[in-house]
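Hello,

Here is the structure I promised to pass on. My notes on what turned up follow below it.

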Amino acid sequence: MKLLFASDSFKGTITSTESAAMLEKAAREVFGADGLVCESIPVADGGEGTTDAVIAACKGKKIAVAVQD
C-alpha cells in the first residue's frame, strides 16, 4: 500500500513536516510496516511555513545573508 501525506502546519503547534511524520507513524501502527510505503510533501497556504514547505519539497536549504536597506 502506498500513502501520500500532504499536510499543512497547525499554527503555533506543529510544522507540516511534524504533522506528516505523525501521520506516517499512525499509518504504520494501523496498517503495519509490511509493504507500506509512505511519502510526505509539506504544504502551506501562503502564510507562515510557506518558505519551509517549498524548501522541503524541493530538497533545498536556507542560506542566511546579511543585507542592508
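A compact globule of 69 residues would have a radius of gyration near 11 Å, whereas this protein has 15 Å. Its C-alpha trace spans about 55 × 25 × 15 Å along the principal axes. Please keep in mind that this is a predicted model.

The protein contains two helices and two strands, and their order along the sequence is β-α-β-α. Among contacts with a separation of 6 or more, 52% are between residues 24 or more positions apart.

On burial and surface: 14% of the 69 residues count as buried.

The structure has two salt bridges.

- Arg28 and Glu24: their side chains form a salt bridge, 3.0 Å from N to O. Both residues belong to helix H1 (residues 16–31) and sit four residues apart, about one turn of the helix. Arg28 counts as partly exposed because its relative accessibility is 30%. Glu24 also counts as partly exposed, with a relative accessibility of 23%.
- Glu29 and Lys25: the closest N and O atoms of this salt bridge are 3.7 Å apart. Glu29 and Lys25 are four residues apart in helix H1, so about one helical turn separates them. Both Glu29 and Lys25 are exposed.

Regards

Terms used:
Residues are numbered from 1 along each chain as its sequence is written. This is a predicted model: local features need pLDDT of at least 70, side-chain atom pairs count only at pLDDT 80 or more; totals for chains, interfaces and linings use all residues. Side-chain values use heavy atoms; hydrogens and water are left out. The radius of gyration is taken over C-alpha atoms; the globule rule is 2.2 Å times the number of residues to the power 0.38. Buried means under 20% relative accessible area, exposed over 50%, partly exposed in between (1.4 Å probe, protein chains only). Contact means heavy atoms within 4.5 Å. A salt bridge is a side-chain nitrogen of Lys or Arg within 4 Å of a carboxyl oxygen of Asp or Glu.
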